[in-house]
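Subject: Structure handover

Hello,

Please find below the structure you are taking over. My notes on it follow.

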Amino acid sequence: MKKTIALLLSLLLVFSLAACGEKKEDIKNDAPLHREDAGQQEQQSKVNQPEISSVDLDAVKEGKGDSQIIWAQQDEATKKSFAEAEKEDGAEVTFGEDGSTTIKDANGDLYVQSPDGSWTFSAGESDVKLDFGWPDNEFTALVPAPKFTVSASETDGNEFAAAFADPTIEQIKAYANELKAAGFKEGASEAEQSIGEMTIYTFSASDKDGHTVELVYTQKTSGLTITK
């Protein structure tokens, strides 16, 4: 269980580093991207053209990176304006043939927008890639998807870890029951304790195939690890 808490704290450390950095301000292109024709053409252009501004990279690190604007799918003029806006902020933008967009900031950290609009963050120094949302992989196929927000997840060889965004202890306990119903009953251990003003709840168990889940809740850190 200590290993689970350490993994979750490492995820939170990445977010803490993001919060310590200077907040990025949107950089807007003064030149309008739409035609200056009056009437319906101007209105239609405003609807079709996205506003060019820098991506809030801090928000991406915090798991709030979903975007309705998929930059790689914009026209060449829009993509050029977007890349120039990011360049002014010290970042480099590249567009992949697969429909992805990659932003490399001044620290070498990478922010990748997938063709579906979601973002992932990879810290250059620690080489840790965090996926936001509930991924589809061999580990997550073993357990039900949580009904609360997943702020980050990481898959590393024989282990999967996910950090949760502010679930209540009641939601965590309900999820523990879902894990039991999914077959994680072997050697089950469940505990709740208070340390000062902090409440800690833990649940761990294995399934018949030897996979182990560890679920942790505190007021500041909550998450799940699955090992095989």
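K79 is buried, at a relative accessible area of 12% (buried is under 20% relative accessible area, exposed over 50%, partly exposed in between, with a 1.4 Å probe and protein chains only). This is a predicted model, in which local features need pLDDT of at least 70 and side-chain atom pairs count only at pLDDT 80 or more, while totals for chains, interfaces and linings use all residues. Residues are numbered from 1 along each chain as its sequence is written, and side-chain values use heavy atoms, with hydrogens and water left out.

K79 forms a salt bridge with E76, with 3.1 Å between the closest N and O atoms (a salt bridge is a side-chain nitrogen of Lys or Arg within 4 Å of a carboxyl oxygen of Asp or Glu). The two residues are 3 apart in helix α4 (residues 76-88), which puts about one helical turn between them. E76 is exposed, at 59% relative accessibility. The charged end of K79 also sits over the ring of F95, 5.1 Å from the ring centre (the rule asks for NZ of Lys or CZ of Arg within 6 Å of the ring centre and within 35 degrees of the ring normal).

**The protein overall**

There are 5 helices and 11 strands (DSSP runs, H or I of at least four residues for helices and E of at least two for strands, numbered from the N terminus). Of the 228 residues, 41% are buried.

**Other salt bridges**

The structure has 6 salt bridges. One of them joins E138 and K228, again with the closest N and O atoms 3.1 Å apart. E138 is in the loop between β5 and β6 and K228 in the segment after β11, so this pair links distant parts of the chain, 90 residues apart. K228 is partly exposed, with a relative accessible area of 46%.

E178 and K147 form another, at 3.0 Å from N to O. Here helix α5, which holds E178, is linked to the loop between β5 and β6, which holds K147, across 31 residues of sequence. E178 is partly exposed at 24%, whereas K147 is exposed at 71%.

**Aromatic pairs**

The count comes to 7 aromatic pairs (rings of Phe, Tyr and Trp, the last by its six-membered ring, with centres within 6.5 Å; planes under 30 degrees apart are stacked, over 60 edge-to-face and the rest tilted). Among them, W134 and F160 are edge-to-face, 5.7 Å centre to centre with 90° between the planes. W134 lies in the loop between β5 (128-131) and β6 (150-156) and F160 in strand β7 (residues 159-164), so the pair ties together parts 26 residues apart in sequence. F160 is buried at 0% relative accessibility. F148 and Y175 are also edge-to-face, at 5.9 Å and 80°, and both are buried.

**Nonpolar cores**

The largest nonpolar core has 21 residues, and F164, L179, F203, V213, L215 and L224 touch the most other members (a core is a set of buried Ala, Val, Leu, Ile, Met, Phe, Trp, Tyr and Cys residues joined through side-chain atoms within 4.5 Å). Helix α5 gives the most to this core, with 5 residues. A second, separate core of 14 residues includes V55, L57, V93 and A123.

Regards
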